[in-house]
Amino acid sequence: MATPARSRSAERLVDILMELHLNGAVNRHDLMQKFNITERTVYRDLNALSPIVQHTGSGHYRLIHSVQSAHGQGLHHAMANLLNADNYFPERGNAFWQNLEARVEENHIRILSNDAEHTVQNDIRRHLLAIEKSIKKRNVCQIIYKGKTRLINPYKLINKKNIWYLQATENDRLKSFSLSQISWFDIQKQTFSPDADTTELLEKNLDPWVSEDTFEVKIFINNNISHYFKRRDLLPDQEVIAEVHDGVTIRCQAAHENQILPLIFYWLPNIQVLEPEWLREKLFGTLEGYLATVTADAVE
């Protein structure tokens, strides 16, 4: 079976990046021979790397110096931080990067994550450059979100479980806006001064649902699924506070009910909300509404 064109292109880009990192430069004609590709294809690959690579003449390309020395870590560390690679490879010394090309070629490691939203290509194509510009220039933006016009101060783009969110303040309140729900994005002439506390909060919390105002949640989890919660944190800032023969009690801190309820629905009936009362009532109310709808449809 032939390798998809997108996969071959991605493998070439990884190969080129590795050579740039190890040798500092690549030659366009050498790349044509190495990959058995046309000059036009080489130009396309190098153009994809143009934000971090520059032409130095006679078909030679090298890393831009500022990228090479970014934070004193080099290109590979900057890329790993962007992709949050520590989640998958906590140890990333020189040996890891030297073996990366072989790992890609031999295809004996594959990292799978959630599928991206169907609209992600259009969302990124429509909004990414404007959002990046507004964040960098600190411009107030007008958006239409879920059909409602809003004025926001943009701070950061974050991708969580392959869903893109824009983290911004609206009327001094930090919120997360799903990119797929933004139908209009317009940069205003007005600028804003970023709030230091908000910036610090976003740097510390790698989650779209982040706020200075959080609430504590206690959840009981039956033994038949508790091992999923013990082996990794499925809830924000989770902590096991009690363990008995039939399950565990977990405490966590949430900034929004959407951090908790979807996961609870997924694990029903083996999970229950102990506190707070209002969240338990919200869970029951949602379930009762669903059952009433199903019953009504069955009667019809």
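Me: Why does glutamate 277 count as partly exposed?

Reply: In this predicted model, glutamate 277 has a relative accessibility of 42%. Buried means under 20% and exposed means over 50%, with partly exposed in between, so glutamate 277 counts as partly exposed.

Me: What makes arginine 280 and glutamate 277 a salt bridge?

Reply: The closest N and O atoms of arginine 280 and glutamate 277 are 2.1 Å apart. A salt bridge requires a side-chain nitrogen of Lys or Arg within 4 Å of a carboxyl oxygen of Asp or Glu, and the pair therefore forms a salt bridge.

Me: Why are arginine 280 and glutamate 277 separated by about one helical turn?

Reply: Both residues belong to helix 11, and they are separated by about one helical turn because they are three residues apart there.

Me: How do you know that glutamate 257 forms a salt bridge with lysine 282?

Reply: The closest N and O atoms of glutamate 257 and lysine 282 are 2.3 Å apart, and the cut-off is 4 Å. This pair links distant parts of the chain, 25 residues apart: glutamate 257 lies in the loop between strand 11 (247-254) and helix 10 (261-267), and lysine 282 lies in helix 11 (residues 277-299).

Me: Why does lysine 282 count as partly exposed?

Reply: Lysine 282 has 35% relative accessibility.

Me: What makes arginine 12 and aspartate 45 a salt bridge, and which parts of the chain does the pair link?

Reply: Their closest N and O atoms are 2.6 Å apart, where the rule asks for a distance within 4 Å. The pair links distant parts of the chain, with arginine 12 in helix 1 (residues 5-23) and aspartate 45 in helix 3 (residues 39-48), 33 residues apart. Both arginine 12 and aspartate 45 are buried.

Me: How many salt bridges does the rule give, and which residues are linked in a network?

Reply: The count comes to 12 salt bridges. Asp15, Glu19 and Lys34 are linked in a network of salt bridges.

Me: Why is glutamate 212 called exposed, and where does this residue lie?

Reply: The relative accessible area of glutamate 212 is 55%. Exposed means over 50%, so glutamate 212 is exposed. Glutamate 212 lies in the loop between helix 8 (196-204) and strand 9 (215-222).

Me: Which residues gather with Glu212 in a patch of negative charge on the surface?

Reply: Asp172, Asp195, Asp197 and Asp213 gather there with Glu212. Asp and Glu count as negative, and the patch is therefore one of negative charge.

Definitions and conventions
Residues numbered from 1 in each chain as written. Predicted model: local features only at pLDDT ≥ 70, side-chain atom pairs only at ≥ 80, totals over all residues. Heavy atoms only, no water. Patch = residues over 30% accessible without salt bridge, like charges linked within 9 Å, V, L, I, M, F, W, Y side chains within 5 Å. Areas by Shrake-Rupley, 256 points an atom, 1.4 Å probe, with all protein chains shown as cover. Charge placed at Lys NZ, Arg CZ, Asp CG, Glu CD. Helix = DSSP H or I, 4+ residues; strand = E, 2+ residues; numbered from the N terminus. Buried < 20%, exposed > 50% of the residue type's maximum accessible area, 1.4 Å probe, protein only.
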